[in-house]
Amino acid sequence: MQLNYLKKSWADRTFTVVNTLLLIFALLIVALPILYVIAQSLSTPQEVIAGRVLFWPKRITFIAYKEIFRSKMLLSGYKNSIIYTFTGTLVNVAMTVMCAYPLSRKDFIGRKQIMWLFVFTMIFSAPLIPSYINVRNLKMLNSIWAMIIPGAISAYNMVIARTFFMSNIPDEMIEAADLDGASDMQILVKLVLPLSKAIVAVLVLFYAVGHWNSYFDAFIYLNSEDKLPLQVILRNILANAKMIEEMADATVEQNERLALVEVLKYAVIVFGSLPVLILYPFVQKYFVKGIMIGSVKG
Amino acid sequence: MYSPAVASGHGKLLKKVFRHWQLYLLILLPVVYVIMFRYVPIFGSQIAFRDYKLNMGISGSKWVGLKHFVEFLTGNQFGVLMKNTLTLSFYNIGASFLPPIILALALNYAFNRHFGKTVQMVTYMPYFISTVLVVSIIMRLLSLNGPVNNLIANMGGDRVLFIGKPEYFRTIYVFSGIWQSTGYNAVVYLAALAAVSPELHEAAVVDGANMWQRVYHVDFPGILPTAIILLIMACGKVLTIGYEKVLLLQNLENMSTSDIISTYVYRIGLSEGMQYSFSTAVGLFQSVVSLMLLTVVNWISRRVSETSLW
């Protein structure tokens, strides 16, 4: 190999150069917009409005973030999002495991039929209105339950979990435990789950990010302002310029206020994506794992 | 452990079921859930064939047969909606097909492992930013006093309100999607590349192949099946392109290209009209056609690559 390296041909060298340029291009095209937004959010409003800030903040200030932390609306959205994400994910993971584990057992009579019941929902789903009417009939409109129950199981995630159980827990192990007199519940709790920490982590992450980032369900099912999650509030701010202007401190001068509004628009974006982006480096390897398991049989 | 004293074949089956009663107890709640929240709405879709009135309930409302379907299929919205939906879908499929493949190949040949890991981590970060915020970022970058327009102005051009122009909507939608999910989609191809046997590469090197030739003759064939399946499956979903992001990008000015079937279903059903039955008919049309497309596409995929969804 060493020899090969020394003898690197002209073609190989151009390959490496082109390849490196491609990677740098990919890196910049993804990172620059994000850096741009962060830089604006941390700069003095006058610099931003003059268009002098690019990818690095100028005259750093946290004035916009101070305004955000004074906004009851955004803070309540944050609180609601945390509640929905936490409760929702708990329900999601429990229900998904409760569904995937029996379906992974080869001695479970009826597994094919029940499996079909779930897989069919992946390829055919009811239109928007009947789903909405259903939630309304169940008296869940404008309640936290509408955020948690209708999406309790994602068939896709359930299939991933089932695939994991089937390929990572040897049948002989379950049979042995069965012969030793362990009940199916004991097998799940004492044998299967301890061996499935990776998939539980994957499920937690898939579901939690889904909850944190979703806006549409809340948008149609909730109407009182104090129940709205962060994404809906961010969406309302996005759609309605007045809302963000009201956030800017009323006492400062008109010119300064307009500049502050401009910076606020950026700060709100950073504020909204912060939790996911902070956790992201630590959890990203689990996502890769999840996609891999999903792609084996997807 | 007690064993029921039954010996017939039927009894054996029952015995097996009884033995695993805990499994059935576990799956009871998920089954109740899927019926109540997935199948009841499918059953409720029958309002597409009725004139649904709130106070009459689903089964009490008058049966009108295919009235709403005929109204939709012969209405003047139909052509525009179909064209917008299909154009957006195929533009999206076509433009976002190659980037993840190229990125995966480039990552696979990164000259330095740490550099490769860094690029990978950064490129799939946007996938975790919510749709609302991605659209916010687009709006900021493309706003009249945003960086793109500043650049145009600096070069002596006129500022353009991109988001309010119908001719830019599709490009904005598609390329922001590429920006957001190329890194994520590349992971599947990286897995396929990792499965290519190193012996093939060694043999190619011995035969004097340079890196370009190895990519073309060894890696390409290795990821082709994955690429074909993903492409075919994407074609099965052309009608169901989601409303979440389109709704956020939509405004009165770009409506002529941004109005697609799913946003139409939402608009006439919930936001503007309360035409429950008509909206359900349009949605049902979309779901049924998609199911047929997926079935065809799944059949083709099984023939071509022996891989299928079911």
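## Contacts along chain A

Of the contacts in chain A between residues at least 6 apart in sequence, 70% join residues at least 24 apart. The model described here is predicted.

## Overall form of chain A

Chain A contains 16 helices and 0 strands. Its C-alpha atoms fill a box of roughly 80 × 75 × 35 Å along the principal axes. The radius of gyration of chain A is 25 Å, whereas a compact globule of 298 residues would have one near 19 Å. Of the 298 residues in chain A, 40% are buried.

## A pair of helices in chain A

Helix H6 (residues 111-123) of chain A meets helix H9 (residues 155-168) of chain A, with axes that come within 9 Å and cross at roughly 135 degrees. Because of that angle, H6(A) is oblique to H9(A). The crossing of H6(A) and H9(A) is left-handed.

On the H6(A) side, the contact is made by A:Phe118, A:Val119, A:Thr121 and A:Met122. H9(A) contributes A:Ala155, A:Tyr156 and A:Met158. By class, the contact of H6(A) with H9(A) has 6 nonpolar residues, 1 polar residue and no charged residues.

## Where chain A touches chain B

The contact between the chains takes in 74 residues from chain A and 74 residues from chain B. On the side of chain A that touches chain B, helix H2 (residues 10-41) of chain A gives the most, with 16 residues. Sorted by class, this side of chain A has 50 nonpolar, 18 polar and 6 charged residues.

Note on methods:
Residues numbered from 1 in each chain as written. Chains lettered and ligands numbered in written order. Predicted model: local features only at pLDDT ≥ 70, side-chain atom pairs only at ≥ 80, totals over all residues. Contact = placed C-beta atoms within 7 Å. Helix = DSSP H or I, 4+ residues; strand = E, 2+ residues; numbered from the N terminus. Nonpolar A, V, L, I, M, F, W, Y, C, P; charged D, E, K, R; others polar. Rg over C-alpha atoms; globule rule 2.2 N^0.38 Å. Buried ≥ 20, exposed ≤ 12 C-beta atoms within 10 Å, placed from the backbone. Axes fitted to C-alpha atoms, helices over the stretch in contact; angles between N-to-C directions. Parallel < 35°, antiparallel > 145°, perpendicular 65-115°, else oblique. Left-handed = near helix turned anticlockwise from the far one by under 90°.
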